[in-house]
Amino acid sequence: MEPSVFAEKDIDKENYERLTKEINAHIEHYYNEDNPKISDREYDLLMQELKRLEKKRPELVTPDSPTQKVGGSAKREAGVLVRHNVPMLSLSDVFSKEEVYEFVADMQDQLQSPEFVVEYKIDGLSLALRYEDGALKLAETRGDGINFGEDVTANALVIPDVKKKLKQPIPYLEIRGEVYMTNEAFERVNERQELAGKRMFANPRNCAAGTLRQLDTSVTKERGLSMFIFNVQQSRGMEFETHTQGYEYLKRQGVPVIENYRVCKTADEVWEAICEIGEDRGKLRYDIDGAVVKLNRLSDRQLLGETSKVPRWAVAYKFPPEEKETKILDIEVSVGRTGRITPTAVFEPVRLCGTSVSRATLHNQDFIDQLDVGIGDYVRVYKSGEIIPKIREVIKERRGALVKRFQLPDTCPVCGAYTVREKDTADLKCPSPTCPAQVERRIINFVSRDAMDIKGFGAVYIEELVRRGYIKDIADIFALRDYRERLIEEGVIGKEKNTDKLLDAIEGAKGQDAYRLLTGFGIPNVGKAAAKALLKQFGCIQSLESASVEELLEVADIGEVSAKCIQSFFAQEESQRMIARLLEYGVNMKRIEQEGESERFAGLSFVITGTLPNMSRKQAAELIEKNGGKVSGSVSKKTAYLLAGANGGSKLTKAESLGIPVIDEERLLEMTREDTDAAKE
């Protein structure tokens, strides 16, 4: 064999391993964590690349290849695992008119005058319902698609579209559908999340998936899930000849089925139906991400069967990434916690990937100039990763004579201080430490969960307290009790009960561990992990305050840039005055030693995956850190141990491939009781 052929095979193998690891990681994020890191389109392109490589080099294909699997893994968060009666397979994806026509032609070659049903592909979470003698007995998620799903019956029972009893009962019926959120319900949930100071959901699909796995059914009920049925999986006591006959029976039972489906006989009719669905996409009250084309006659489906992953009798046409045209109404300028000035385009609202968007960052003046965008321009807007709104391009042919060019101001829009351009960057900054905009964002960071964790201290209160002059720096938070009567009278926080609740939370925060205080200072490059390491080394804020750069560099993971940022912060007179006032108000400045603390895991890095039997991942991480170890989010050659629970996913696969020791919860607890040397072996 020629050397070049050997080289090409090595490259193919490397590409195959890279792709499988990357796709498996995204499967974990999407199915098991309900937290996708890339858009559906980007994921589809990776899968297409893998399929092309497997077609070229079939000997590389392994049973655990992403092309051979369905969905994610079944989890135990919302209920016990249950075995599927009927596999909940995925569909083959197609992306072009040519592929749709090929599918139709293939069906026509194999079958006698096949009929096709074209229907919406709802962007939600798959769920199967089992009825016995007309009564709902079980609701199960897709899980791994082949063997197991999760029992989420309790949550399904509070979804209005899920019927507890059928009007015309039969001995057994299993149906499959899609749980989703209407745009209106999604916006209501995010409004409540924002008001409560909680993390907002990225899109309706993520919200629906997380909600269906809730342990508290009252939360599921409050959020308002909906469901459409798209298939009769299995029936006893009534036979259906066609898919649409099944739909008609379900409609008579009051069961919602996919809306506006069409029966077609030719490729042209199928394509026309797909195009009509594409035109409907922006008008619906829920999200769709494509159209499904499936055979209508059930006997035809039975004849063709399925592969280990997909049925041969259906495909999903995936729409290209959604983009909308809109008009720039204004460019606003805001000031961040560090003083960075950011321009934001404000445009006529458009709906993208399930949410209404009307703003997109323009980053800095260089970006504005490169994009060549002005107020009054028409632009194409999309969502990066189906989450972050961005401007694709300016539609120059629609540019009018009244378009206004935009230039960032040379003074801060909030406090009026002259701005400065950071060295070697395109960023403008407000240099004033007393700028109200910077104060607001510093306070928001200070009270956040990772810092002082002051419950109920939301951004709305902070903005109002800064605006009215109650808060000018972090220390002012602990002086608010002195103004209790005035705060109640002015209704800044609310009535007496709400005001006292927040003031009590502030009082309680005085006793927090000093690492939280240090995190809350917002020193560049000093997050929670670095703050813990620094306080472990120096013991208290005052010792850290007087540390030299050389002493700071002795702390693990503190580099020269971080060390200089720390020293610069404590050298400022403003910081020194603030710390003195915090001491005066009784805020704890010392590290709190935890009971059972040790250095057993010093220098060791752990990664946690899967569902542990008796503790949450957070509890496991706290235990590891209490014993001197570090917890990382991803597996690498530096990982000492992978702590794995049920359904470890791609992290487990990667750890095994790198030869990293895999331990369970029981072994971790044993290690915390062993002596230091034994734990590190």
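What follows is a short chat about reading some features of this predicted model.

Visitor: Let's start with packing. Which residues touch the most other members of the largest nonpolar core?

Guide: The general idea is to look for buried nonpolar residues joined through their side chains. Here, the largest such core has 69 residues, and Leu-129 and Ile-274 touch the most other members. Helix H9, residues 267-280, supplies the largest share of this core, with six residues. Apart from it there is another core of 52 residues, including Phe-521, Val-549, Leu-552 and Ile-579.

Visitor: What does Ile-274 touch, if I skip residues up to four places away in sequence?

Guide: Its partners on that count are Val-100, Val-118, Ala-291, Val-293, Tyr-317 and Phe-319.

Visitor: Now helix pairs. At roughly what angle do the axes of H3 and H9 cross?

Guide: Take the two axes, then check how close they come and how they are angled. The axes of H3 (residues 97-110) and H9 come within 9 Å and cross at roughly 135°. H3 is therefore oblique to H9, since only angles over 145 degrees would count as roughly antiparallel. As for handedness, the crossing of H3 and H9 is right-handed.

Visitor: Which residues of H3 meet which residues of H9?

Guide: On the H3 side you'll find Lys-97, Val-100, Tyr-101 and Val-104; on the H9 side they meet Ala-267, Asp-268, Val-270, Trp-271 and Ile-274. Sorted by class, this H3 contact with H9 has seven nonpolar residues, two charged ones and no polar ones.

Visitor: Ala-208 sits in H6, then. How many residues of helix H6 are buried?

Guide: Eight of the nine residues in H6 (204-212) are buried, so the helix is mostly covered. Those buried residues are Pro-204, Arg-205, Asn-206, Cys-207, Ala-208, Ala-209, Thr-211 and Leu-212.

Visitor: One more loop residue: where does Thr-419 lie, and what does Thr-419 touch?

Guide: Thr-419 lies in the loop between strand S16 (388-394) and strand S17 (420-421). Thr-419 is buried because its relative accessible area is 16%. Leaving out residues up to four places away in sequence, Thr-419 touches Ile-341, Pro-409, Asp-410, Thr-411, Cys-412, Leu-428, Lys-429 and Pro-431.

Definitions and conventions. Residues numbered from 1 in each chain as written. Predicted model: local features only at pLDDT ≥ 70, side-chain atom pairs only at ≥ 80, totals over all residues. Heavy atoms only, no water. Core = buried A, V, L, I, M, F, W, Y, C linked by side-chain atoms within 4.5 Å. Buried < 20%, exposed > 50% of the residue type's maximum accessible area, 1.4 Å probe, protein only. Helix = DSSP H or I, 4+ residues; strand = E, 2+ residues; numbered from the N terminus. Contact = heavy atoms within 4.5 Å. Axes fitted to C-alpha atoms, helices over the stretch in contact; angles between N-to-C directions. Parallel < 35°, antiparallel > 145°, perpendicular 65-115°, else oblique. Left-handed = near helix turned anticlockwise from the far one by under 90°. Nonpolar A, V, L, I, M, F, W, Y, C, P; charged D, E, K, R; others polar.
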